[in-house]
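Here is a friendly walk through the structure below. Keep the viewer open as you read.

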Amino acid sequence: MRDNLVKHLLLSCASLSIVFLAGITVTLFKEGLPIFKEVSVFKFLFGRYWYPTYDPPDFGILPLILGSLWVTLGALFVAVPLGVGSAMYISELAHPKLREILKPTVELLASVPSVVYGFFGMVFLGPLVQRLFDLPVGLTCFTASIILGMMALPTVASIAEDAISAVPRELREASYALGAMKWETITKVVVPAASSGIIAAVILGFGRAVGETMTVLMVAGGAAVIPRSVFQPVRTMTATIAAEMGEAPMGSDHYHALFGIALVLFFITLGFNLLADKIIKG
Amino acid sequence: MVREKIVVKDLNLWFGENHVLKGINISIPEKAVTAVMGPSGCGKSSFLRCLNRMNDLIDTARVTGKVLIDGRNIYDDAVDVSLLRRRVGMVFQRPNPFPKSVFDNVAYGLRIHGVRNKGELRERVEEALKDANLWDEVKDRLFGSALELSGGQQQRLCIARALAVRPEIILLDEPASALDPISTAKLEELIEKLKEDYTIVIVTHNIQQAARISDYAAFLMLGELIEFGRTQEIFTAPKDKRTESYLTGRFG
Amino acid sequence: MRRFKQFVGFVVLKTSVVVGVLFLFSLIVVIALNGARVLSPGFLLEFPREGMTEGGIFPAIVGTFLLSLGAVGFALPLGVLGAIYLREYAGGGRLVRIIRTGINTLSGVPSVVFGLFGLAVFVKLFGFGVSVLSGSLTLGVLILPVIIRATEEAIEGVPREFREASYALGATKWQTVKGVVLPAALPGILTGAILGVGRAAGETAPILFTAATFYTRHLPGSPFDEVMALPYHIYALMTEGTEPEHQVPIAYGTALVLLLLVLAVNFIAIVIRYRARRARKW
């Protein structure tokens with residue numbers, strides 16, 4: 001009797017995550033949908049101009065979507081090779097003692113707040129990039145990609161490491177027994193066997209990078225135009241929401257448009273997370 | 001005439017599709033040691049767990065038949081499992097003290113059953129530890145972690161933990177399998193003493209141990225009760241061929 | 001030739017680790033060296049002065065402290081109880097699968113979307129306004145998956161034998177959970193709570209529209225007051241100021257304080273986990 005009561009109480013706590021998730025979804029729809037009375041879904045997604053405060057305003061988020069896409073792909077160029085490489089090193093090559101140090105270090109890398117990364121990008125990496133490539137500004141898509149890549153690295157590395165460590169010893173031994181060297185065993189047996197986990201790691205890394213806000217807000221430069229070069233400033237979906245929500249009057253078209261962006265962003269990350277989930281579980 | 005404490009009637013046990021115990025009928029006498037022997041996988045541990053309904057914790061387990069303790073079927077719907085397990089204590093294969101102090105381990109069951117008074121707790125913890133032949137070894141470290149004790153001490157602590165709630169029956173599931181010979185000897189000595197006050201059922205795969213400590217012995221094979229009787233008779237003149245082969249070490 | 005290939009391969013893997021570690025290292029060094037110049041007792045204990053160009057960051061420290069404690073205070077009980085349900089009570093049916101997917105999805109939602117959710121629900125709908133309370137609740141929702149996962153992992157590590165011993169003494173499920181499982185899982189749960197504090201303290205986007213303000217003359221007097229917070233302070237100093245030559249050094253100092261705080265918190269969590277693992281005899 002009392003145990004039953006307890007059980008129901010616990011169940012309701014466990015269900016809260018679903019409740020919050022539903023709350024988020026409903027909120028985004030409720031506050032985001034009104035914008036589509038002003039512009040069509042197609043024009044919203046593929047409109048080339050984002051001038052929310054002009055008269056008449058333009059609510060085309062294509063530059064923002066492309067901005068997010070460029071920065072995120074750039075970040076993956078950094079995070080995937082470094083992350084998977086680190087995972088391979090940590091699980092296959094590193095001395096157990098070194099591994100005990102490297103794994104927490106990767107965790108620390110993940111725990112640095114994004115605003116600190118953004119700050120580091122503004123004061124250090126931005127000026128460095130500007131000088132190295134002789135650019136008019138240092139805060140560009142390229143700079144943001146590097147920082148974002150370093151931020152996504154721990155996600156990629158730790159999930160890839162799990163996948164690699166889970167490869168059974170028998171497979172490795174079979175390879176060694178055939179006369180394969182360590183490197184051959186790693187690249188031809190271990191990594192292929194762990195490939196679905198590694199792919200999931202990449203997808204989760206993408207999800208993490210595309211949703212990242214403060215870093216890109218501070219480092220990517222913030223120009224809401226369709227980027228032509230990686231050395232141009234860009235503006236992502238997340239940065240737009242963060243930068244403009246404070247100034248958008250509640251209930252205005254601009255306000256609803258920002259929620260509309262969040263809706264798009266939410267479904268992109270949701271899709272990638274579910275995909276990664278599916279791949280991990282096979 | 002000995003009094004029968006536990007009477008098992010047509011007991012069947014399934015784990016999913018797996019028929020683990022098949023029509024067991026046995027009467028276990030009061031204040032004596034009954035040993036349950038048999039080759040690994042014969043269902044002897046599962047049988048023991050039927051006597052305090054520990055198998056309830058396994059989702060796929062299904063039981064038919066009756067287990068009467070003092071004439072009452074413990075599988076009746078009206079039976080409070082919590083009270084049943086208080087009357088039927090259990091000690092496991094591997095010593096499993098909680099990661100708490102010696103004192104808190106023994107007091108755990110008492111607190112669960114509502115003993116709050118500090119003085120009473122102390123008294124009964126001491127009494128249980130003395131009954132378990134452990135008091136002299138731990139009286140100076142009652143509040144040190146139970147995990148610091150040796151394996152044999154841990155097992156006697158688990159017995160003390162079971163004794164503290166004043167059960168009538170004690171189930172021992174291969175209690176010496178993880179212990180060295182000296183600790184085993186101490187444990188057997190303890191069992192010898194406890195049978196004056198408690199009904200003891202012990203599962204063991206160690207034939208010599210069964211011969212040493214039990215008054216009655218049951219032999220199980222493939223989920224069936226092959227033979228049951230006085231230990232002396234079973235060991236000297238087994239009625240069934242299979243019992244004889246087991247005791248002479250032809251399987252197991 | 002094979003040997004050479006292996007040699008090159010190993011060097012590449014090692015390099016990928018070195019790059020990650022080097023990046024973390026240079027980030028810490030750059031911020032530590034520049035931040036240390038402004039760090040002083042006064043910096044930590046004074047209010048900002050002269051339009052944020054002088055003085056300290058005391059209110060931001062207090063604000064971050066309140067927000068992250070509030071978040072954990074909200075998420076810890078709910079998360080622990082929910083995790084108990086998932087591990088001890090739920091039989092692993094459809095409902096549990098849905099809840100787990102929900103938790104995974106929630107942890108993948110971009111932080112800025114949490115900010116919008118908090119704005120629409122806590123600030124607007126519940127009428128809490130831009131306040132410590134709204135910010136704490138928003139951050140609490142964000143760290144809920146962190147707490148649940150850590151607790152689940154900790155509970156999973158408690159051996160079955162402990163539960164059996166407890167049941168065999170006649171304990172009910174709830175007595176067993178309370179008396180045996182939770183105490184044994186405590187270090188793991190504590191680790192989760194600490195990681196939650198670290199995460200909440202470093203987040204910016206969720207408090208952008210729910211709690212944070214650039215400048216207040218007072219510490220918050222009630223949960224309904226807005227607060228300054230370390231991460232937001234860094235962002236604001238870097239993007240909204242008019243006197244960068246005075247503000248960037250303060251931002252360095254703030255970044256150092258935040259970084260030290262978050263790294264220390266994570267370090268403590270790692271140490272607790274490590275020691276618990278070593279002390280464990282089961």
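This is a predicted model: local features need pLDDT of at least 70, side-chain atom pairs count only at pLDDT 80 or more; totals for chains, interfaces and linings use all residues.

Residues are numbered from 1 along each chain as its sequence is written, chains are lettered from A and ligands numbered from 1 in the order in which they are written, and side-chain values use heavy atoms, with hydrogens and water left out.

**Chain A**

Let us begin with chain A, which has 13 helices and two strands. Helices (H or I, at least four residues) and strands (E, at least two) are DSSP runs, numbered from the N terminus. The C-alpha trace of chain A spans about 75 × 75 × 30 Å along its principal axes. Of its 282 residues, 55% count as buried; buried means under 20% relative accessible area, exposed over 50%, and partly exposed in between (1.4 Å probe, protein chains only). Take the contacts in chain A (heavy atoms within 4.5 Å) between residues at least 6 apart in sequence: 69% of them join residues at least 24 apart.

**The sheet in chain B**

Chain B holds an open sheet of four strands in the order 2-1-4-5, with antiparallel pairing. Two strands pair if DSSP finds at least two bridges between them. At the edges are strand 2 and strand 5 (72-73) of chain B, each of which pairs on one side only.

Strand 1 (residues 4-15) and strand 2 (residues 18-29) of chain B are joined in the antiparallel sense by eight bridges. To find your place, look for B:Leu11 opposite B:Ile24 in strand 2, and for B:Val7, whose bridge partner in strand 2 is B:Ser27. These two strands of chain B make a hairpin with two residues between them, and B:Gly16 in the turn has a positive phi of about 65°.

**Two interfaces**

The table sets out the buried area, meaning the accessible area (1.4 Å probe) that two parts lose on being put together, summed over both.

| Interface | Residues in contact | Buried area | On carbon and sulfur atoms |
|---|---|---|---|
| Chain B and chain C | 25 of chain B, 18 of chain C | about 1,700 Å² | 63% |
| Chain C and chain A | 76 of chain C, 76 of chain A | about 6,700 Å² | 81% |

In chain C, C:Leu13, C:Phe23 and C:Leu116 lose the most area to chain A, together 10% of what that side buries.

Between chain C and chain A there are three salt bridges, a salt bridge being a side-chain nitrogen of Lys or Arg within 4 Å of a carboxyl oxygen of Asp or Glu. C:Arg2 and A:Glu184 meet in a salt bridge through their side chains (2.7 Å, N to O). Helix 1 (residues 2-38) of chain C gives the most to the side of chain C that touches chain A, with 19 residues.

What joins chain B and chain C by charge? The count there is one salt bridge, and the side chains of C:Glu164 and B:Arg49 meet in a salt bridge at 2.9 Å, N to O. On the side of chain B that touches chain C, helix 2 (81-87), strand 6 (88-91), helix 3 (102-112) and helix 6 (151-164) of chain B each supply at least two residues.
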